[in-house]
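Subject: Structure for your review

Dear colleague,

Please find below the structure that I am handing over to you. A summary of the findings follows it.

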Amino acid sequence: MNETIKNILSHRSIRRFKDEPIEQETVETLIQCAQAASTSSYQQVYSIIGIEEQSIKDKLAELAGNQTYVSQNGYFFVFCLDYHRHQLMAQIAGQNVDDTIKSKEGFMVGMIDVALAAQNVAVAAESLGLGIVYIGGIRNNLPEVSELLRCPDHVVPLFGMAVGHPDASPGLKPRLPQAAVFHKNQYVEDEKALPVLKEFELQTAEYYRERTGGARDEGWATQMARVMSQPKRTYMKEFIESKGLDKQ
């Protein structure tokens, strides 16, 4: 156990921040941490847009489902898959990389690069005593978000991250037991996994009962089944392809 591991294990999403901006030096340090993340074959298929104008934050909050912490925070980042820069690179090198950019593998590489960079920012921010919350809600209205942020072809905003000085201290949300997510040598058979998941259902139901004073008591399986009963953002395939990505 060390301070890095303690910080990681103390992670919780913060949805209320003090009215206190993040210093520019800190922002630049967080971006440095993002850039230090592993990246597939040195491709660095991401860009990060820092939202400093309040009017843009407010519009993003609206597009993300009226989440107040999108507009009220110390700083807001939008993490984008970005192959536009690679088109410029190809011009410099006198090469054509269209087939890679349009490929399924290329799209997966980009998403992984973005996620790794963002998690470095999250860990670094929390090590400085800041709080963060990821915002997937910007994908509710990606065409409008893309236009607002002037993202060219081959650039897709994947999620946001609000960062700031915490003005709340929520309890740690239980995670699945290691026995449910860690498989040694081969994938665990269902007859071994089901009892673990059933126990976690009871544990999370009790967590929500305590957190809400009895107003809510659905466990993880019940909650996930409800959330996943209908697919969301079904326009996504068409939008991604309109950006010139994931077409092969």
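Asp246 counts as buried, because its relative accessibility is 17% and the limit for buried is under 20%. Please note that this is a predicted model.

Asp246 lies in the segment that follows helix H12 (236-242). Its side chain makes a polar contact of 3.3 Å with the side chain of Lys104. Leaving aside residues up to four places away in sequence, Asp246 touches Ile101, Lys102, Ser103, Lys104, Phe107, Ile240 and Glu241.

The largest pocket has a volume of about 1,100 Å³. It is lined by 32 residues, of which His11, Ser13, Arg15, Lys173 and Arg175 are the closest to its centre. Helix H1 (3-9), helix H7 (104-127), strand E3 (131-135) and helix H10 (190-212) each supply at least two residues of this lining.

Among the 15 residues that line it, the closest to its centre are Lys18, Asp19, Ser71, Gln72 and Asn73. Two or more lining residues come from each of helix H3 (54-63) and helix H4 (68-71), and H4 gives the largest share, three residues. The lining of the second largest pocket divides into three nonpolar, six polar and six charged residues.

Salt bridges

The structure holds eleven salt bridges. Three of these are described here, together with the accessibility of the residues concerned.

One of them joins Lys192 and Glu189, whose closest N and O atoms are 3.9 Å apart. Lys192 is exposed, because its relative accessible area is 56%, whereas Glu189 counts as partly exposed at 40%.

Another links the side chains of Arg209 and Asp217, at 4.0 Å from N to O. Arg209 is partly exposed at 33% relative accessibility, and Asp217 is partly exposed with a relative accessible area of 45%. Arg209 and Asp217 also belong, with Glu206, to a network of salt bridges.

In a further salt bridge, Arg226 pairs with Glu218, and the closest N and O atoms are 2.6 Å apart. Which partner is buried? Glu218 is, because its relative accessible area is 16% and buried means under 20%. Arg226 is partly exposed, with a relative accessible area of 48%.

Yours sincerely

Note on methods
Residues are numbered from 1 along each chain as its sequence is written. This is a predicted model: local features need pLDDT of at least 70, side-chain atom pairs count only at pLDDT 80 or more; totals for chains, interfaces and linings use all residues. Side-chain values use heavy atoms; hydrogens and water are left out. Helices (H or I, at least four residues) and strands (E, at least two) are DSSP runs, numbered from the N terminus. Buried means under 20% relative accessible area, exposed over 50%, partly exposed in between (1.4 Å probe, protein chains only). A polar contact is a pair of N or O atoms within 3.5 Å; within protein, one must be able to donate a hydrogen and the other to accept it, and residues adjacent in sequence count only if both atoms are side-chain atoms. Contact means heavy atoms within 4.5 Å. On a 1 Å grid over the protein atoms alone, a cavity is a set of points where a 1.4 Å probe fits but cannot get out, and a pocket is an open set with protein on both sides within 12 Å along at least five of seven lines; lining residues have an atom within 4 Å of a point. Grid points are joined across faces, edges and corners, and a volume is the space filled by probe spheres set on the points. Ala, Val, Leu, Ile, Met, Phe, Trp, Tyr, Cys and Pro count as nonpolar, Asp, Glu, Lys and Arg as charged, and the others, Gly among them, as polar.
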